[in-house]
Each structure stands twice: as structure tokens, then as C-alpha cells.
Amino acid sequence: QVQLVESGGGFLQPGGSLRLSCAASGNIRSINDMQWYRQAPGKGRELVARITSGLSTTYADSVKGRFTISRDNAKNRVYLQMNSLKPEDTAVYYCKALIKTTRSIYYVEYWGNGTLVTVSS
């Protein structure tokens, strides 16, 4: 069994900063890509940021220069530092990871349940 649990969401005013964390636990052998997605009210889920096992990163154009993704491989965690937050960043943020368990030879996609970020004045 593998679980991804996000934390760090909250309510804040425009211009503020927040750091999201996602912890993977269970029978993990290795983790490949780790990603953050978000889903705003009434919209589809979109990729926000991605970090590979080699620490290469990519970002959605809407968050470039404001958000930073990082990971701690020893702790099986991925983080999303969000600065200069805007009302349009309001969404449920989900982490996703490609994980190989101790019982599998393949990487399988796992999702967390999400954490809500609300940016409003």
C-alpha cells in the first residue's frame, strides 16, 4: 500500500506565500517523477509543476517565477513553495508520484487527496 498525503493549504491574502508538502509512505522501492496539479472551482485539473528523480523541473507558464518545486528523496517528500499568490491560484492542489513498490517491477501512478489553497482579499 502506498499513500500520498498533502499538507500546508490554507487561506491567505493576495501577495502572500505558502509552502505545500506531500509525503509518500508505504512499501516504496523508488520514486520517479513527482508532480503538483491543481483544480480550480469549475475547471479541469492542470499540471502546475514537475520534478524528475534527477531534479529537473518544469512549470506551468502561469506559475513560472512564483512557484518552486523541490523534493527530499530521503524523506519521500515533494514540496511546492508558492510566492506572490494571486486569487486565480485558488484551487485544490494535488500531488502525484510515479512509484515503484517493493512488490512491483513497474512504476505506478499515485495521487494524494488534495489540499485547498484559497487566495482572497
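Arginine 38 is buried, with a relative accessible area of 5%, where buried means under 20% relative accessible area, exposed means over 50%, and partly exposed covers the range in between (1.4 Å probe, protein chains only). The model is a predicted one, in which local features need pLDDT of at least 70 and side-chain atom pairs count only at pLDDT 80 or more, while totals for chains, interfaces and linings use all residues. Residues are numbered from 1 along each chain as its sequence is written, and side-chain values use heavy atoms, with hydrogens and water left out.

Arginine 38 belongs to strand β4, strands (E, at least two residues) and helices (H or I, at least four residues) being DSSP runs numbered from the N terminus. Its side chain makes a polar contact of 3.4 Å with the side chain of serine 62 and another, of 3.0 Å, with that of tyrosine 93; such a contact is a pair of N or O atoms within 3.5 Å, and within protein one atom must be able to donate a hydrogen and the other to accept it, residues adjacent in sequence counting only if both atoms are side-chain atoms. With contact taken as heavy atoms within 4.5 Å, and leaving aside residues up to four places away in sequence, arginine 38 touches a set of residues including Glu46, Val48, Phe67 and Asp89.

Side chains of opposite charge can pair when their charged atoms come close. A salt bridge is a side-chain nitrogen of Lys or Arg within 4 Å of a carboxyl oxygen of Asp or Glu, and by this rule the count comes to six.

One of them pairs aspartate 33 with arginine 50, with 2.5 Å between the closest N and O atoms. Because aspartate 33 lies in strand β4 (residues 28–39) and arginine 50 in strand β5 (residues 45–51), this pair ties together parts that are 17 residues apart in sequence. Aspartate 33 is buried at 9% relative accessibility, whereas arginine 50 is partly exposed at 27%.

Another salt bridge joins aspartate 89 to arginine 66 at 2.7 Å, N to O. Aspartate 89 sits in the loop between β8 (77–82) and β9 (91–101), and arginine 66 in the loop between β6 (57–59) and β7 (67–72), so parts that are 23 residues apart in sequence are tied together. Aspartate 89 is buried at 1% relative accessibility, and arginine 66 is buried at 10%.

Lysine 96 and glutamate 109 also form a salt bridge, at 3.3 Å from N to O. Since lysine 96 lies in strand β9 and glutamate 109 in strand β10 (residues 108–111), the pair links parts that are 13 residues apart in sequence. Lysine 96 counts as buried at 10% relative accessibility, while glutamate 109 is partly exposed at 43%. Finally, salt bridges that share partners join Arg38, Glu46, Arg66 and Asp89 into one network.
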